[in-house]
Amino acid sequence: MTADLSVLFTGIRFENPFLLSSAPPTESESNILRAFEAGWAGVVTKTIGVHPVINVKGPKTNFLRADTESPRLSMKKRPGTALHSSWNWELISDKPLDWWIGRLSRVKKEHPKKVLIASIMAGSGSDEEMRHWQDLAKACQEDGADALELNLSCPHMDRPDMGSNIGKDQELISVVTQAVREVARVPVWAKLTPSTTDIVEEAKGAFLGGADAISSSNTFTSLPLIDPEALEFEMNVEGYVSTGGLGGPAILPLSLAKMAQMTSAFPDKSFSGIGGISDFSHALNYFLLGCGTVQVCTAAMLDHAVGPNVVRNLIRGMEEFLERNAHRGWERLEDFRGLRRDRVVPHSQIKRPDDADYHGGYGAEGQPAGAHAGTTAK
Ligand SMILES: Cc1cc2nc3c(=O)[nH]c(=O)nc-3n(C[C@H](O)[C@H](O)[C@H](O)COP(=O)(O)O)c2cc1C
């Protein structure tokens, strides 16, 4: 019997829970078609906007690699290394909305059973910007998008009213989500930035605005490293650099921490997990924390641009996992989704050698830390 990998997520049927995230693998019609043929159940398009997009001179993405025999980390290509992370300062799609319209419907016509999610982005400083969100949403859904993902998370925007600058403001997230919700006939997913203090607040803003799901994480704000010989950043334009986004293996544990906060605060809501996934064991973390789908970028970029081997391994990994766990009665994702969500607890709830000695960093009678020697939290 072949395993049933299909999932129902925000009311949409996916043939498996594996999606390509909004990024270079989904920047063109030919890539999206190749991705569907390779086995991805859904793709989120490269973010579509209405403002002018001009990328930096030179490369927009590079990959940091770790030596296996020494502590060296560098973007320089060399043998005997393992991937640490991707670093990018690429803006959203440099193709205008008009370019996308017509292509979305063509892709959908060729693959009616696959799920096409349009990632969109506008500003937030005025009524006109709210109209931009609505225009993008209407245009994409009319051209066949099955869902919309709001990019509230791009970490390298100059405009203070865009990208992760919206994603750091609970109220703005609500206002933007609500504006899109007013015109949307399809599910609306909000993609949040991990660069916030308490992502539960931003998630609350998105759900209050009517989001059907949260996608997390976008890349983490970061810098490339400085080459110790040349004394220059490994990625720079004429010596200069600005902060960009870190993706890939290095962010898997970071992104999981953000996801765990949200899935335990909103156990009944829908979450799409992103960050550092390249095989099923990685995706499984997100599923066990409660996610209903996962999305992949860096690993796919490094595998023939759209990840044919990555998706094959994800599918095979899930089939084998279901087979191994058939004795537990697990037949589909829903049977194990969220099983480890409740295992993430406050530090004070973790067992001590003698629980009677520990009072959450306070003294025995609840005095502030330091009132009693030896009772301060580390
Ligand atoms: C080169 C590059 C471009 C990206 N462009 C977008 C984008 O346009 N919109 C978006 O929402 N996320 C964008 N992302 C973020 C990815 O979709 C994803 O959230 C992030 O890379 C983490 O996943 P990963 O660890 O699998 O790479 C981009 C990432 C990279 C590396």
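So, Ile 12 is buried, with a relative accessible area of 11%; buried here means under 20%, exposed over 50%, and partly exposed in between, with a 1.4 Å probe and protein chains only. Ile 12 belongs to strand S2, residues 12-14. Helices and strands are DSSP runs numbered from the N terminus: H or I with at least four residues for helices, E with at least two for strands. From Ile 12 to Val 186 you go 174 residues in sequence, but C-alpha to C-alpha they are 9.5 Å apart in space.

Quick housekeeping. This is a predicted model, where local features need pLDDT of at least 70 and side-chain atom pairs count only at pLDDT 80 or more, while totals for chains, interfaces and linings use all residues. Residues are numbered from 1 along each chain as its sequence is written, and side-chain values use heavy atoms, with hydrogens and water left out.

Which pocket does the ligand sit in? It's the largest pocket. For a pocket, picture a 1 Å grid over the protein atoms alone: a pocket is an open set of points with protein on both sides within 12 Å along at least five of seven lines, whereas a cavity is a set where a 1.4 Å probe fits but cannot get out, and lining residues have an atom within 4 Å of a point. To sit in one, a molecule needs more than half of its atoms within 2 Å of the grid points.

Around the ligand there are 24 residues, and the closest are Ser 22, Thr 47, Gly 248, Gly 276 and Thr 298. To count as near, a residue needs a heavy atom within 4 Å. That shell divides into seven nonpolar, 14 polar and three charged residues. In this scheme Ala, Val, Leu, Ile, Met, Phe, Trp, Tyr, Cys and Pro are nonpolar, Asp, Glu, Lys and Arg are charged, and the others, Gly among them, are polar.

Now the atom pairs. A polar contact is a pair of N or O atoms within 3.5 Å; within protein, one must be able to donate a hydrogen and the other to accept it, and residues adjacent in sequence count only if both atoms are side-chain atoms. A polar side-chain atom of Asn 218 is 3.5 Å from a nitrogen atom of the ligand. Ser 217 brings a backbone N or O atom to 3.0 Å from a ligand oxygen atom. Cys 297 has a polar backbone atom 3.0 Å from an oxygen atom of the ligand. And the protein covers 98% of the 610 Å² of accessible area that the ligand has on its own, going by the Shrake-Rupley method with a 1.4 Å probe; for residues, only the protein chains shown count as cover.

Ser 217 is in the loop between strand S12 (213-216) and strand S13 (220-222), and a cis peptide bond joins Ser 216 and Ser 217, with omega about 15°. Most peptide bonds are trans, and most residues other than glycine have a negative phi.

Glu 238 isn't a glycine, yet has a positive phi of about 50°. Glu 238 is in the loop between S13 and strand S14 (244-247), and counts as exposed at 64% relative accessibility. His 304 also isn't a glycine, and has a positive phi near 50°.

Asn 151 is in strand S10, residues 147-152, and is buried, with a relative accessible area of 6%.

Last, a couple of distances. Ile 92, in the loop between strand S8 (81-88) and helix H2 (97-100), counts as buried at 4% relative accessibility. Ile 92 and Glu 323 are 231 residues apart in sequence and 40 Å apart in space, C-alpha to C-alpha. Then Glu 110, in helix H3 (residues 103-110), is exposed, with a relative accessible area of 52%. Glu 110 and Phe 36 are 74 residues apart along the chain, and 9.8 Å separates their C-alpha atoms.
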